[in-house]
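Please consult the sequence and the structure while reading.

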Amino acid sequence: METEGPRTDRLGLLLDQFDQAREMAHVRLKGLGDEEYLWEPAPGSWSVRRRDEALTPRAYGPGEWVLDKGAPDIPANEYAEIARQAAGGMTVAKIAEDWSVSVERVEQVLAHIGEPAPDEVPLTTIAWRLGHLHSCFAGQWEWTFGRRRHDPHLLVDFTPSAALELERFWALIDRWRESVGTVTEEQLDTVGFSQYPYGSDPDDPFVTVLAGANLEFIHHMAEIALLRDLWRARR
């Protein structure tokens, strides 16, 4: 009897990659408690905080608890993405609009691509990493498969409870995966199939948006895994 082999089509490869990453992340996050979830690896780490206790000027969320977000800038770990966008033909003005920075700031970044990046990436809690991922995927689902009406910054009710956040997060991730599984070959190649407003999605073929979403999930989950290791070894 013949057995079904691994998919080699574009969507199949991206779905398999996402499924494996989700499975590993689900195992890695088992047993996460509130104290560990909110643990700050250094004082002033970005986190989920009550609105009147936020440390950053653009913290956002619809309820009492908000997610830290700093002043507009391009983080050093995103310089390669800026270079890719420029090489792909995106104008400096459009890049600046997407990142909410000045044209001069984008030109400054592009002029120093390849040089050692400054240490601009803030330290964060696990709560912040999960909240950031939750917010990104909620926004991308709304502006791809949803009604394309609601501000992504108001879609996730952030919480200090690890159990509640994980319950809501995995439900959202499964909804995203189910919707992506229905995408056609034509839609993969459609520029602007996703209209997510905080990034280059409206200017990209959806296949590249999916690849970027996978990368976002993988690299943040890797960071969460490291934070769990540091929490365990902190004593």
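What covers the buried residues of H7? The cover includes H1, helix H2 (34-37), helix H6 (126-142) and helix H9 (206-233), where helices (H or I, at least four residues) and strands (E, at least two) are DSSP runs, numbered from the N terminus. This is a predicted model: local features need pLDDT of at least 70, side-chain atom pairs count only at pLDDT 80 or more, and totals for chains, interfaces and linings use all residues. Residues are numbered from 1 along each chain as its sequence is written, and side-chain values use heavy atoms, with hydrogens and water left out.

**Helix H7**
- H7 has 19 residues and spans 27 Å from its first C-alpha to its last, close to the 27 Å expected at 1.5 Å a residue (the expected span is 1.5 Å times one less than the number of residues).
- Among the buried residues of H7 are Leu166, Phe169, Trp170, Ile173 and Trp176 (buried means under 20% relative accessible area, with a 1.4 Å probe and protein chains only).

**Packing of H1 and H7**
- Helix H1 (residues 10-28) and helix H7 (residues 162-180) pack at an angle of about 165°, with their axes 11 Å apart (axes are lines fitted to C-alpha atoms over the stretch in contact, and angles run from 0 to 180 degrees between N-to-C directions).
- H1 and H7 are therefore roughly antiparallel (angles over 145 degrees).
- Residues of H1 including Leu15 and Phe18 meet residues of H7 including Trp170 and Ile173 (contact means heavy atoms within 4.5 Å).

**Gly63**
- Gly63 lies in the loop between strand E1 (48-50) and strand E2 (65-67).
- Gly63 touches Arg51 and Asp157, not counting residues up to four places away in sequence.

Definitions and conventions
Angles under 35 degrees count as roughly parallel, over 145 as roughly antiparallel, 65 to 115 as roughly perpendicular and the rest as oblique. Buried means under 20% relative accessible area, exposed over 50%, partly exposed in between (1.4 Å probe, protein chains only).
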